[in-house]
Amino acid sequence: MATRPILADLCAHLRLADGTRIRFESAGGVEIARRVREGTEADLLVLAADAVTALEEAGHLAPGTARPLWRSQVVAAVPAQAPALPLDTVGDLRTALTSATAIAYSTGPSGTALLDLLHRLALADTLTDRLVQAPPGVPAGTLLASGRADLAFQQHSELMDLPGVTVLGPLPGDTAITSLFTAAVLATTTAPAHAQEALALLTGDEATRRAEARGMARA
């Protein structure tokens, strides 16, 4: 879902050389991986790098087509009406976590990384009853706006435009969480040449510029 706003924007701007339009359909990463494993027909896949690697090893992708696209940082956010907590040091992060009554996180790679981070900070047991996982495909920030959480962690692109949410910033120091998003040609494509052409456009300057406008960086 972190790439959804970028891909939606690119739908209106990317065309193949023969004028063919590129259409993207977005869903939660777990759902997309399931569809691919079940043989869904599509030409391209954009997903977190570890998920792409697993699908490639299982034979669901055209060999050798995986290309890194963009890196995305996980950020912390609070409800818009809440005080903007400092997040300059690991101590600030620990304070934000331990003072929160409900902490929202996602089902995607950012959520998995956050749980790993809580274990590294020796806070997993302390905070386990405060963790609220957003449903697949639902931004964790929506739980802030609805009052179900007072702290959330998710990819910057998914939080930056949500109403009722204030982004505090990326996580400090060695607690920073960065996800790599990758594209590849699916084995089910019926138009491999077009798929390769579209893949080249996703790694190009126009796509990168629009990704950067959504808080990501070229891989």
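Serine 110 sits in helix α5, which covers residues 109-120 of this predicted model. Its relative accessibility is 4%, so serine 110 counts as buried. The side chain of serine 110 makes a polar contact of 2.9 Å with the side chain of serine 106. When neighbours within four places in sequence are set aside, serine 110 is in contact with Val74, Gln154 and Gln155.

Glutamine 154 belongs to strand β5, and at 2% relative accessibility, under the 20% limit, it is counted as buried. A polar atom of the glutamine 154 side chain lies 2.5 Å from the backbone nitrogen of alanine 140. Beyond four places in sequence, the residues in contact with glutamine 154 are Gln73, Val74, Val75, Ser106, Ser110, Val138, Pro139, Ala140, Gly141 and Leu159.

Strand β5 (residues 151-155) runs antiparallel to β2, and 4 bridges join the two. Strand β6, made of residues 165-170, is likewise antiparallel to β2, with 5 bridges between them; here alanine 76 has glycine 169 of β6 as its bridge partner. Between β2 and β7, again antiparallel, there are 6 bridges, and arginine 71 is partnered by leucine 180 of β7. Strand β8, residues 216-218, is joined to β2 by 3 bridges in the antiparallel sense, with tryptophan 70 standing opposite arginine 218.

Strand β7 also has β1 as a partner. The two strands pair in the antiparallel sense over 5 bridges, and leucine 45 stands opposite alanine 184 of β7. Of the 5 residues of β1, 5 are buried, so this strand is largely enclosed by the rest of the structure.

In soluble globular proteins, nonpolar side chains tend to be buried together. The largest nonpolar core in the model holds 25 residues, and the members that touch the most others are Leu7, Leu10, Phe24, Leu44, Trp70, Leu202 and Met216. At least two residues of this core come from each of α1 (4-11), β1 (44-48), β2 (67-79), β7 (178-185), α9 (192-202) and α10 (205-213). Apart from this core lies another, with 22 residues, among them Ala96, Tyr105, Leu121 and Leu127.

Leaving out residues up to four places away in sequence, methionine 216 touches Ala2, Thr3, Ile6, Trp70, Arg71, Ser72, Ser157, Phe181 and Ala211. Among these, Trp70 is another of the residues that touch the most other core members, and it is also the residue that stands opposite arginine 218 in β8. Arg71, for its part, is the residue bridged to leucine 180 in β7.

At the level of the whole chain, the model contains 10 helices and 8 strands. Buried residues account for 44% of the 219 residues. Among contacts with a separation of 6 or more, 76% are between residues 24 or more positions apart. The accessible surface comes to about 10300 Å², and carbon and sulfur atoms contribute 51% of that area. A compact globule of 219 residues would have a radius of gyration near 17 Å, and the value for this chain, 18 Å, agrees with that expectation. Along its principal axes, the C-alpha trace spans about 55 × 30 × 30 Å.

A last stop is proline 83, in the loop between β2 and α4 (90-99). At 62% relative accessibility, above the 50% limit, proline 83 counts as exposed. Proline 83 and alanine 191 are separated by 108 residues in sequence, and their C-alpha atoms are 52 Å apart in space.

Conventions: Residues numbered from 1 in each chain as written. Predicted model: local features only at pLDDT ≥ 70, side-chain atom pairs only at ≥ 80, totals over all residues. Heavy atoms only, no water. Core = buried A, V, L, I, M, F, W, Y, C linked by side-chain atoms within 4.5 Å. Buried < 20%, exposed > 50% of the residue type's maximum accessible area, 1.4 Å probe, protein only. Contact = heavy atoms within 4.5 Å. Pairing = 2+ DSSP bridges. Polar contact = N/O pair within 3.5 Å; in protein donor to acceptor, adjacent residues only side chain to side chain. Rg over C-alpha atoms; globule rule 2.2 N^0.38 Å. Areas by Shrake-Rupley, 256 points an atom, 1.4 Å probe, with all protein chains shown as cover.
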